[in-house]
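Please view the sequence and structure below before reading on.

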Amino acid sequence: MDVSDNESKRPTLGVGMVGYAFMGAVHSQAWRTVAHVYDLPLSPVMSAVCGRDADAVRAAADRLGWAAAETDWRELIARDDVQLVDVCTPGNSHAEIAIAALEAGKHVLCEKPLANSVAEAEAMADAARAARRRGQLAVVGFNYRRLPALALARRMVETGRIGELRHVRVTYLQDWLTDPQAPLTWRLRREQAGSGALGDIGSHAIDIAQYLAGEPLTGVSALTETFVRERPLPEGPVTGLSGTGGDRRGEVTVDDAALITGRLASGALASFEATRFATGRKNALRVELNGERGSLVFDLERLNELYLYDGTEPASTAGFRRILATEPDHPYLEGWWPPGHGLGYEHSFVHQARDLLCAVAAGEQPEPSFDDGLRVQRVLAAVEESAANNSAYTPVPPVT
Ligand code: SOE
């Protein structure tokens with residue numbers, strides 16, 4: 001019996017997604033794929049997708065594989081065939097949609113960063129805790145935790161392979177804004193995105209650091225900068241991150257780059273860089289962990305590889321060696337291709353869907369929870385506060 005035979009007999013979970021742009025397309029691909037890769041306790045059913053423009057959302061439903069289209073997210077949440085709401089909208093609507101969905105008894109997957117402010121993130125974490133008592137789950141979409149090489153790095157830190165951590169160094173480098181004529185899309189507007197490179201990709205860097213180290217940041221000092229303060233307003237469709245600018249111009253109200261130093265609860269030192277101006281770097285999330293007995297290195301642009309330096313080997317033969325994270329006993333690999341055939345960016349979202357479906361079936365809250373999202377949000381707020389105060393060291397309040 002193959003996976004598809006099993007699939008037809010499994011209980012199902014109806015999914016409703018709000019938003020269908022870049023992230024919505026990636027999430028749709030994950031919902032379409034996951035049951036064909038893993039033997040799951042629950043099969044997702046792509047019940048409905050929601051967007052404001054009726055024609056556009058209908059076309060997106062057909063293109064992305066959703067059975068129905070809605071134009072009001074409240075109607076989507078109210079549907080009987082939706083048990084899980086997947087929020088793929090800009091940050092300014094996360095809190096309202098996620099809280100309403102939780103209050104309506106639905107599980108929630110919410111894109112990162114969790115919210116645009118600490119107050120919103122706190123309200124969401126409160127709603128998630130209340131919903132948890134009713135048996136519902138809420139997860140924030142820090143998908144990179146689900147890359148096999150990074151999940152393996154976590155396993156190695158946890159089992160003490162590199163000893164006590166001294167340094168956690170994470171840079172997230174992109175270059176899609178180096179052209180000053182790149183249009184002022186929603187990711188460049190504070191009222192929609194909350195912050196710029198900081199919240200969009202710095203949030204991933206901070207989450208990965210806290211995840212790999214298994215402990216929170218307790219304080220930060222930071223610098224942020226907006227290099228291009230005015231840009232053309234977009235004209236016509238925006239696809240992915242790009243679009244065309246018209247003659248009218250508007251103000252960029254978020255940071256273009258952030259530099260952060262921080263301290264983890266154990267006393268390990270952390271540093272971060274998040275920028276959309278690293279010319280030539282397309283999607284380079286780079287991680288280096290230095291422990292008392294070894295180091296680990298990862299680069300998203302070579303995402304199947306993890307480098308290990310074992311400091312207990314004789315100096316004469318020690319050196320960084322490549323682990324190809326494609327073996328069947330590496331995290332998430334059991335459902336995929338034979339060793340060495342490699343995975344890509346989108347697979348982390350398939351793994352996210354798998355973990356969520358398994359967690360719903362088991363009734364167990366998976367990580368990253370909304371509390372984890374709040375933990376990141378508090379760091380983002382401390383970074384902005386520090387940057388506004390000449391990089392003053394700014395404590396990050398714990399989430400208890
Ligand atoms: C744009 O910077 C972006 O698409 C982010 O929004 C995603 O979270 C990241 O995974 C890739 O880059």
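## Model

The structure is a predicted model.

## The parallel sheet

Six strands make an open sheet in the order β3-β2-β1-β4-β5-β6, and the pairing is parallel. At its edges stand β3 (68-70) and β6 (138-140); each has a single partner strand, so one side of each lacks a neighbour in the sheet. Direction ignored, neighbouring strands are turned by 25° against each other on average.

Within this sheet, β4 (residues 84-87) pairs with β5 in parallel through 4 bridges. Strand β1 (residues 12-18) also pairs with β4 in the parallel sense, over 4 bridges. Val87 of β4 is the bridge partner of Val18, and in β5 the bridge partner of Val87 is Cys110.

Helix α2 (residues 22-37) lies across β1, β2 (43-50) and β4. The direction of α2 is at about 155° to that of β2.

## The mixed sheet

A second open sheet has 9 strands in the order β16-β15-β14-β13-β7-β12-β11-β8-β17, with mixed pairing. The edge strands, β16 (321-324) and β17 (394-395), each pair on one side only.

Strands β7 (residues 165-173) and β13 (residues 284-291) run antiparallel and are joined by 8 bridges. In this pair, Arg169 stands opposite Glu288 of β13.

Two helices that lie on this sheet are α7 and α11. Helix α7 (residues 148-158) lies across β7, β13, β14 (294-299) and β15 (305-310), running at about 165° to β14. Helix α11 touches β8 (217-225), β11 (257-264) and β17, and its direction makes about 55° with that of β8.

## The α9-α11 helix pair

Besides touching the sheet, α11 (residues 370-388) packs with helix α9 (residues 197-213). Their axes are 10 Å apart, at an angle of about 120°, which makes α9 oblique to α11. The crossing is right-handed.

Which residues make the contact? From α9 they are Leu198, Gly199, Ser203, Ile206, Asp207 and Gln210. Helix α11 contributes Arg375, Val376, Val379, Leu380 and Val383. By type, the contact residues divide into 6 nonpolar, 3 polar and 2 charged.

Note on methods
Residues are numbered from 1 along each chain as its sequence is written. This is a predicted model: local features need pLDDT of at least 70, side-chain atom pairs count only at pLDDT 80 or more; totals for chains, interfaces and linings use all residues. Axes are lines fitted to C-alpha atoms, for helices over the stretch in contact, and angles run from 0 to 180 degrees between N-to-C directions. Angles under 35 degrees count as roughly parallel, over 145 as roughly antiparallel, 65 to 115 as roughly perpendicular and the rest as oblique. A crossing is left-handed if the near helix is turned anticlockwise from the far one by less than a right angle, and right-handed if clockwise. Two residues are in contact if their C-beta atoms, placed from the backbone, lie within 7 Å. Ala, Val, Leu, Ile, Met, Phe, Trp, Tyr, Cys and Pro count as nonpolar, Asp, Glu, Lys and Arg as charged, and the others, Gly among them, as polar. Two strands pair if DSSP finds at least two bridges between them.
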